[in-house]
Structure formats: C-alpha cells, structure tokens
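Reader: Could you walk me through this structure, a bit at a time?
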Amino acid sequence: MTDHVLVRRAALIFGAALLGAYFLLASISQMPLNPIKLKFYDPVNAITQPYLAQNWMLFAPNPLSDDRGILARAKCSDGRVTDFYNVTRPYVEREQGDRFFPSRTNRLVSGTISQLDTGDPILERLRSSEKEKKKPVMPLLPQEKTSRSDAENFLARFSLKQLSGVCTGGPAEVQVRVYVHELPPWSERKIPSATGKTNVQDLEWKEAGTLG
C-alpha cells in the first residue's frame with residue numbers, strides 16, 4: 001500500500017470522524033430535555049455557539065413575514081437637525097456579503113424592535129380583545145414600561161454611535177424612527193403590484209448625555 005493511499009484513507013477517516021462528531025453534537029443540542037442533554041449542555045453549547053448553532057427555522061410554521069429596521073437623525077448643538085440615516089442597511093449589506101461568518105449585529109436591532117411592543121402574552125391577548133370590543137385598553141404594567149424604555153434607550157445608543165460624525169463635537173440629541181415592512185402574503189407572490197404595508201413609529205428625542 002502506497003503512502004498516497006494511506007494519506008487518503010487517513011484523511012477520509014478523519015473527515016468522517018469530524019462529521020460524526022458534528023452530527024452527535026447537533027443531535028444532543030436539539031433533543032428534548034432529558035438527563036443526557038442536561039449533563040452535556042454546557043460543553044455542547046460551548047462548541048456549537050455561535051457558528052454551529054442548530055435550530056428548526058427551516059421547518060418553522062411561521063416563516064419570516066416582515067422586514068424591520070431603524071432610521072435615525074441627530075440634532076446638533078447649534079440646533080441643526082440632520083436628515084434620517086438608515087442605521088440598519090449597512091449591517092444588512094455586510095451580512096449579505098459574508099455568507100460564512102456573517103455579523104450578528106443586525107439581530108440586536110431586530111430583537112430590540114420586537115421588545116418595544118412585546119409584553120405579557122396573556123395581557124396582549126386581553127388588550128387585543130378590548131380593542132376589538134372598543135373598550136378602554138389596559139395600560140402597560142410597570143415592568144412592561146421598563147422593558148420598552150430599555151429598548152428605546154438601546155436603539156438610541158446604537159444610533160448615536162452610527163451618527164457620531166454628523167455634528168461637530170457629536171450630536172446633542174438623537175431620534176429613532178422604527179419601521180416594520182410587512183411582506184405580501186404567499187398567496188400574492190406572483191402579483192407584481194403587491195408590496196405589503198409599512199408601519200412607522202417615531203420614538204421620542206433622547207439627549208446624548210443621558211444615554212451613557
């Protein structure tokens with residue numbers, strides 16, 4: 001047996017071992033909660049995160065149905081107000097340009113946008129029912145207000161960092177505009193004029209000095 005054949009067989013065995021180890025880790029990470037998963041969760045998670053993480057999104061019953069992001073504008077110390085700047089787009093383009101090791105930065109924004117209007121599930125259902133019946137809607141609970149305030153401050157800090165060079169000495173205030181573009185339903189996928197609808201929400205101005 002030649003050295004070439006030995007090297008080739010060794011490479012195949014090594015590759016098969018790596019592939020087997022990968023499938024073993026993926027299986028443990030996705031199996032239902034049980035003693036084996038609890039015992040090996042920490043070491044498996046340390047290896048699979050962040051680039052080998054497994055999920056069931058490919059088979060999700062609720063696929064992506066909207067495109068969301070933020071715009072931001074700054075107010076300078078001299079009173080000048082800038083145009084809105086698309087804070088999200090540069091990160092989306094960077095992610096689309098790197099399919100092997102994409103940045104996760106854009107997920108920070110999309111996740112925080114969800115946090116703005118995500119409260120207790122039971123209370124959300126109750127409020128929806130009250131809206132349908134045209135009754136007074138239950139106000140936000142203190143913890144829901146805190147969660148929304150934290151989300152607004154995070155988006156403002158994130159935007160302030162992107163707008164750091166638009167004013168001499170840095171912006172004095174920043175305002176975030178949140179947009180959620182609801183994509184057309186699958187049934188309208190072949191209709192060229194189907195564009196969906198876009199919901200826009202302007203958050204309050206935030207002073208740069210209060211954002212830390």
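Predicted model: local features only at pLDDT ≥ 70, side-chain atom pairs only at ≥ 80, totals over all residues.

Reader: At what angle do helix α1 and helix α2 pack?
Author: Helices here are DSSP runs (H or I, at least four residues). α1 covers residues 3–30 and α2 covers residues 35–48. Their axes, lines fitted to C-alpha atoms over the stretch in contact, are 9 Å apart. With angles running from 0 to 180 degrees between N-to-C directions, the packing angle is about 125 degrees.

Reader: So are they parallel or oblique to each other?
Author: Under 35 degrees counts as roughly parallel, over 145 as roughly antiparallel, 65 to 115 as roughly perpendicular and the rest as oblique. The angle is about 125 degrees, so α1 and α2 are oblique.

Reader: Which residues of α2 does α1 meet?
Author: Contact means heavy atoms within 4.5 Å. From α1, the residues involved are L25, I28 and S29. In α2 they meet K37, F40, V44, I47 and T48.

Reader: Is S159 buried or exposed?
Author: S159 sits in helix α6, and it touches I70, A72, V87, V174 and V176, leaving aside residues up to four places away in sequence. Buried means under 20% relative accessible area, exposed over 50%, and partly exposed in between (1.4 Å probe, protein chains only). The relative accessible area of S159 is 0%, so S159 is buried.

Notes
Residues numbered from 1 in each chain as written. Heavy atoms only, no water. Helix = DSSP H or I, 4+ residues; strand = E, 2+ residues; numbered from the N terminus.
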